[in-house]
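I opened the model to look up a few local details and kept notes as I went. The entries follow in the order in which I made them.

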Amino acid sequence: MAVRIENETFYLETENTLYQMKADCRGVLKHLWYGAKTRQDMEYLLDYPDVAFSGNPYDAGEDRTYSLDTMPLEYAAEGVGDYRISAVSVCHENGSCVLDLRYESCRIVPGKYSIPGLPAVYAGENEAQTLEITLRDAVSGVCVILKYGVLPEYDVITRSAVIVNGGKQPVTVNRAHSLCLDIPYGQWEWIHFHGRHLQERVPERRPLLHGIQQSSSGRGTSSHQQNPTVLLCRKGCTETDGACIGAALVYSGCFQTQIEYDQLNQTRLVMGIHPELFCWELAPGESFYAPEVILSLSDTGFETLSHRFHRIIRERVCRGKHKLAERPILINNWEATYFDFNEDKLLKIAEGAAGLGVDMLVMDDGWFGRRNHDDVSLGDWNVNAAKLPNGLGRLVERVNAMGMDFGIWFEPEMISEDSELYRTHPEWALRIPERNPVRGRHQLVLDITRPDVRDYLVGAVSRILQSANIAYVKWDFNRSASDWYSALLSAERQREMPHRFVLGLYDMLERLTQAFPNVLFEGCCGGGGRFDAGILYYCPQIWCSDDTDAYERTHIQYGTSFFYPVSSVGSHVSAVPNHQTGRSIPIRGRGVTAMAGSFGYELDVNRLTEEEKEEVRAQIRAFKEFGPLIHNGKYFRLSNPFEENVAAWAYVSEDGRQVLVQGMIFHAEPNMLRSPLCLRGLEPGKRYRSREDGAVYTGRALMDAGILLPKAWGDYVPVECYMEAVEE
Ligand code: GLA
């Protein structure tokens, strides 16, 4: 049983972890433990002194040691004497903001709960159990239903909360976090993933300081600047050693992660929708659903945690026929042509690529309206006849005749002021009355909280998808959102806009992915500005970054790999000098780096030399052979490219018999020692043969002593080594 209740104590057990909480004699739900599995009731740890200025609930009587301000709570509410960050804030008709949440009931349900309108982990009835705990504020009748999805075999617990107005008066929810996790013991550090456009998900590790630390996005997307994932780890925790907790929010909009290190050196982590860009009016009988957080804990370092997140996201967040299937090797024309293309140019690229073994041509931005520049035509999803005089259908037929599939780019949530759509429906753009809107890349954002706007967009995208044999959609979003106002909402509800926007996005993605189950959807937001588990529920891959420089990509993909599986990372070989940095990396190094993802090309193959074309053929053969190992195997970070002169990673098959090591030595040095690189995840007693030179090594030697890296002659030397266990 994944969920057990003994003496009012709740035990949530996965294969290696235990999550424990207890409703005490006053009905306060205390958090007791999230850690290694033990049959111990962990309440003995709670031993609190009388802390002055930490007040006591009235019903604690004369017990001055009983304070909500000091004890670990399962879901902390505002207004009841807990002065730490709270998970929930609800304001009542009389203006007061308080919820005194006490235990009311619980329910264990087979399988994993789902959340209306929101993406969430899904699981079979035998794979998961759901625990629902209802807490109630007796005066107002407002309830919070805490939901726990326990997936023992995945070593994952999911959390979510539903705020139910069970009272007679309307209330306003000002904060409804998905996760509140109190850790009363130990000293922790935190790692968050920051960045900017072209440089996403840089891990930053910091000790917790007293007070509040935060990472967040207010951009309407999960953002390039901060990712909705966080790691808490014990000091000294490494890839392979030490305790750490990971949390990933399954959400694509404004979010907030806050960690408070309190007066008693206790840690509280909250995560959810950004409360500064949120409120929700709840009439009697209505419910608000917070998005989900995926939680996992490891006492063997980050690697174990990453393996768990990769597996749950790939197998139980991603959906549809493509989630585990081999992904097509695609060629995208964006960096080859930008807006300057026509049917002839595309067909030439396709022809060249088909000859090299590429599976699919993706026609990027510029095929619709009068889109010859980025200041026009977003919203007008009609084929540009000047560029494609024979229509989309004919183009796709000709690409298909070359043995290739065809994919297409959209940016549905946007509108150009210079567009037919804007001339007809200026009121569809997000804009605050009597004020000028903020422009981003010259464009405005559509009010997709409106059903009529969503219907228009779903209709427009569907018409194009029905008009030709389209196998793939790249769904882009090229600015941060702003000007939150919708004519359809009352003044009190305007702050609901950022969340309603995300619900609108999910509604469109759900309708389209259900209507076109064969189409592979790839998410995108100026590269990786909306790289989150929410998008991965609809799109099993996301364009990881607009930075296609292979050296940079080793860093971006390193940061991305802490939570997200390799198959979710869209990654392409592009031309040199690179368009973002001017750097020139030989094509083998570019290939090895791009293979750490859902692989493709983004250049005009006709401009390659014969030698480079031969290398592309070899890369495609390699990805066809190793793609299943790369996507299904376990991923190991073997170096930290931010600190070392080498980026190296490996994929090991589930049975431990195959290993592929890839990477790049950044800079050559004279008199350089060939430093060994230790592998992980192999069978120590097995012997492995290197395909390159036939040499045989024991697993123990490969893991304890390592393989020798190649001699670097010149910069950006690729590392490639494939080994298989020898039949004994
Ligand atoms: C974004 C994407 C790019 C490309 C352009 C087109 O920046 O990330 O890959 O599609 O838009 O405008």
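**Cap of α9.** I looked up the start of α9 and found Asp549 capping its N-terminal end, with a side-chain oxygen 2.7 Å from the backbone nitrogen of Tyr551. I take helices as DSSP runs of H or I with at least four residues and strands as runs of E with at least two, numbered from the N terminus. The model is predicted, so I note that local features need pLDDT of at least 70 and side-chain atom pairs count only at pLDDT 80 or more, while totals for chains, interfaces and linings use all residues. Residues are numbered from 1 along each chain as its sequence is written, and side-chain values use heavy atoms, with hydrogens and water left out.

**Cover of α9.** Next I checked how many residues of α9 are buried. I found 11 of its 11 residues buried, so the helix is mostly covered. Buried means under 20% relative accessible area, exposed means over 50%, and partly exposed is in between (1.4 Å probe, protein chains only). The buried residues include Arg553, His555 and Gln557.

**Thr560.** I then went to Thr560, which is found in helix α9, residues 550–560. Thr560 is buried, with a relative accessible area of 1%. Its side chain reaches the backbone oxygen of Ile556 at 2.7 Å. I count a polar contact as a pair of N or O atoms within 3.5 Å; within protein, one must be able to donate a hydrogen and the other to accept it, and residues adjacent in sequence count only if both atoms are side-chain atoms. Leaving aside neighbours within four places in sequence, I listed Arg201, Phe531, Cys544 and Val569 as in contact with Thr560. Contact here means heavy atoms within 4.5 Å.

**Ligand.** Which residues come nearest to the ligand? Of the 13 residues around the ligand, I noted Asp364, Asp365, Lys474, Gly527 and Asp546. A residue is near a molecule or strand if one of its heavy atoms lies within 4 Å of it. By class, I read 4 nonpolar, 3 polar and 6 charged residues in the shell. Ala, Val, Leu, Ile, Met, Phe, Trp, Tyr, Cys and Pro count as nonpolar, Asp, Glu, Lys and Arg as charged, and the others, Gly among them, as polar.

An oxygen atom of the ligand is 2.6 Å from an N or O atom in the side chain of Asp364, and Asp365 has a side-chain N or O atom 2.6 Å from a ligand oxygen. For Trp543, the distance from a side-chain N or O atom to an oxygen atom of the ligand is 3.4 Å. The protein covers 96% of the 310 Å² of accessible area that the ligand has on its own. Accessible areas come from the Shrake-Rupley method with a 1.4 Å probe, and for residues only the protein chains shown count as cover.

**Cysteines.** I found 1 disulfide in the structure. Cys91 and Cys97 form a disulfide, with their sulfur atoms 2.0 Å apart; the cut-off for a disulfide is a pair of cysteine sulfur atoms within 2.5 Å. The link of Cys91 and Cys97 is right-handed, with 100 degrees about the S-S bond. Cys91 is buried at 11% relative accessibility, whereas Cys97 is partly exposed at 30%.

Cys106 is partly exposed, with a relative accessible area of 30%. Cys318 has its closest cysteine sulfur in Cys539, at 9.3 Å, again too far for a bond. Cys318 is buried at 2% relative accessibility.

**Backbone.** I noted a cis peptide bond from Val576 to Pro577, with omega near -10 degrees. Pro577 lies in the loop between β30 (569–574) and α10 (587–594).

Asp155 has a positive phi of about 55 degrees although it is not a glycine. I placed Asp155 in the loop between β8 (142–151) and β9 (156–165), and it is buried at 4% relative accessibility. Asp483 also has a positive phi of about 55 degrees and is not a glycine. Asp483 sits in the loop between β27 (472–475) and α7 (497–515), and is buried, with a relative accessible area of 11%.
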